[in-house]
Amino acid sequence: MQRMMITDFDGTLFRSDRTVAEKDLESLRRLGEQGVIRVIATGRNLYSFMKAAPADLPVDYLVFSTGVGIARYPDPADNMIREASLSHGACLYIKGVFDSFGFDYMVHGAVPEGHRFVYHRHTPENSDFDTRLSFYDGLSEPMNGSFSGPASQFLAITREARASELFASVSEALADFTVIRTTSPFDGTSTWLEVFPKGICKSEAVSYLAEQCGVSSSHTMAVGNDYNDEDLLHWSGQGFVVANAPDDLKASFAAVSDNDTCGVSEAIGRWAVASV
């Protein structure tokens, strides 16, 4: 019986000090010794993930940009399995919707140039937007009226208090695409609204990968911490959320310790016991 373990990265496996605990690394190593397939499913693009990941991260596959790309690990750039993109026409349509909402937004290039982007801002002050621009220093430029696709994703950054209502409105306006809401990994409070090709999400990408590997969803487990993990947690045979997840997610899935106290290892231990 083949099994698969999937974990989110930021706020789940990745700690607040921007490291991965040795205990969690050891838990992943033991799973590998047992023949369990280990997958990271992250919202980060390939460049951003490789910049943050420890050199000795013991995983087998990487799902990045929320499912836009799937690759073998540890050399994902040279071992791409699948990639998706938004067409030029789709980009123009999404741009029009984002402009109508007055969003500050970024448009990332198609894989493998997903770390490069153009941006447009409607508001003079958006600290989280500025922080992300600094993170990608030298890799972005203002849109300045010129725009072309394809793209891997759109990303709007807002501090709008009514995030749930805003997400619903944007999802309705972009019903032909996948719209995902997540919390900023930079300031922990801003809302990111990300738009991908229709059907692209963590659960769809992991389901595709599991089928390729001959793994049934009932023989999988997933650990996450935010709304962009919710579809994956529902899909998996057993879903866990770390204690730093929003309260409504903790009410829906089994809760473990937070990302700073090895919640991933706790989830693996509970899954292993339940699987015996």
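**Exercise 1.** In this predicted model, state the order of the six strands in the open sheet and find which strands stand at the edges.

*Solution.* Step 1: the order is β8-β7-β6-β9-β11-β10, with mixed pairing. Step 2: β8 (140-142) and β10 (178-183) each have a single partner strand, so one side of each lacks a neighbour in the sheet, and these two are the edges. Step 3: on average, neighbouring strands are turned by 25° against each other, direction ignored.

**Exercise 2.** Describe how β9 and β11 pair, and name the bridge partner of I157 in β11.

*Solution.* Step 1: β9 covers residues 151-158 and β11 covers residues 191-196. Step 2: they pair in the antiparallel sense over five bridges. Step 3: I157 has W192 as its bridge partner.

**Exercise 3.** Describe the largest nonpolar core and find the element that gives the most to it.

*Solution.* Step 1: this core has 36 residues, and M5 and L57 have the most contacts inside it. Step 2: elements giving two or more residues include α1 (22-33), β12 (220-224) and α9 (263-275). Step 3: α9 gives the most, with four residues. Step 4: the residues that M5 touches include L28, M221, I268 and W271. Step 5: another core, of 21 residues, lies apart and includes C91, M143, F147 and F177.

Conventions:
Residues are numbered from 1 along each chain as its sequence is written. This is a predicted model: local features need pLDDT of at least 70, side-chain atom pairs count only at pLDDT 80 or more; totals for chains, interfaces and linings use all residues. Side-chain values use heavy atoms; hydrogens and water are left out. A nonpolar core is a set of buried Ala, Val, Leu, Ile, Met, Phe, Trp, Tyr and Cys residues joined through side-chain atoms within 4.5 Å. Buried means under 20% relative accessible area, exposed over 50%, partly exposed in between (1.4 Å probe, protein chains only). Contact means heavy atoms within 4.5 Å. Two strands pair if DSSP finds at least two bridges between them. Axes are lines fitted to C-alpha atoms, for helices over the stretch in contact, and angles run from 0 to 180 degrees between N-to-C directions. Lists of a residue's contacts leave out its neighbours within four places in sequence.
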